[in-house]
Amino acid sequence: MSDLELREEPYDAPAAAALIETLQQEYVDRYGGPDDAPVQPQEFGPPHGRFLVGYLDTLPVAMGGLRRIDLATVEIKRMYVVPDHRGRGLSRAVLAHLEELARTVGAQRVVLETGMKQPEAMRLYETSGYERIEGFGHYCGQELSVSYGKNL
């Protein structure tokens, strides 16, 4: 895992866009359709948001972003590691770095959403100090949605 290089990049930069497209295809495979939550690329840019792409050498293999929900809260979104590189701790590295970035933008709390058909993501968040919370935003009330929160 130590060879993972995390770079802040725009949400719509080429490497991020390619990873997002791959992630959306995984949602189609798991849930029958892509994630249709409204997202604006600029939400993931400074001063209130950030987006990371993780590289092994020159290969983009992981990503994750954060965007501000309110003055004290940010949402983590688009956490993803390509299947061939899972099980190596890359998602933990991305998550830890996003939490540090959340602190730098003044957040006191992080929230996120994942799905019931992503048990590996649920395990990651539960073993990283996140607790189940009420659904929020776009996913509120959706049957397969699981929301988590963590105070920083």
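**Figure 1. Lining of the largest pocket by secondary-structure element.** β4 supplies seven residues, the largest share of the lining of the largest pocket. At least two lining residues each come from α1 (14–31), β4 (73–81), α2 (90–104), β5 (109–115) and α3 (119–126). Helices (H or I, at least four residues) and strands (E, at least two) are DSSP runs, numbered from the N terminus. The model is predicted: local features need pLDDT of at least 70 and side-chain atom pairs count only at pLDDT 80 or more, while totals for chains, interfaces and linings use all residues. Residues are numbered from 1 along each chain as its sequence is written, and side-chain values use heavy atoms, with hydrogens and water left out.

**Figure 2. Volume and centre of the largest pocket.** The largest pocket holds about 890 Å³ of space. Among the 42 residues that line this pocket, Y27, M79, T114, Q118 and A121 are the closest to its centre. By class, the lining comprises 17 nonpolar, 11 polar and 14 charged residues. Nonpolar covers Ala, Val, Leu, Ile, Met, Phe, Trp, Tyr, Cys and Pro; charged covers Asp, Glu, Lys and Arg; the others, Gly among them, are polar. A pocket is an open set of points on a 1 Å grid over the protein atoms alone, where a 1.4 Å probe fits, with protein on both sides within 12 Å along at least five of seven lines; lining residues have an atom within 4 Å of a point. Grid points are joined across faces, edges and corners, and the volume is the space filled by probe spheres set on the points.

**Figure 3. Salt bridge between E8 and R50.** The side chains of E8 and R50 form a salt bridge at 3.3 Å, N to O. E8 belongs to strand β1 (residues 4–8) and R50 to strand β2 (residues 50–56), so the pair ties together parts 42 residues apart in sequence. R50 is buried at 14% relative accessibility, whereas E8 is partly exposed at 45%. Buried means under 20% relative accessible area, exposed over 50%, and partly exposed in between (1.4 Å probe, protein chains only). A salt bridge places a side-chain nitrogen of Lys or Arg within 4 Å of a carboxyl oxygen of Asp or Glu; the structure holds 11 of them.

**Figure 4. Salt bridge between E120 and R30.** E120 and R30 meet through their side chains at 2.8 Å, N to O. This pair links distant parts of the chain, with E120 in helix α3 and R30 in helix α1, 90 residues apart. Salt bridges with shared partners join E26, R30, R86 and E120 into one network. Relative accessibility is 32% for E120 and 23% for R30.
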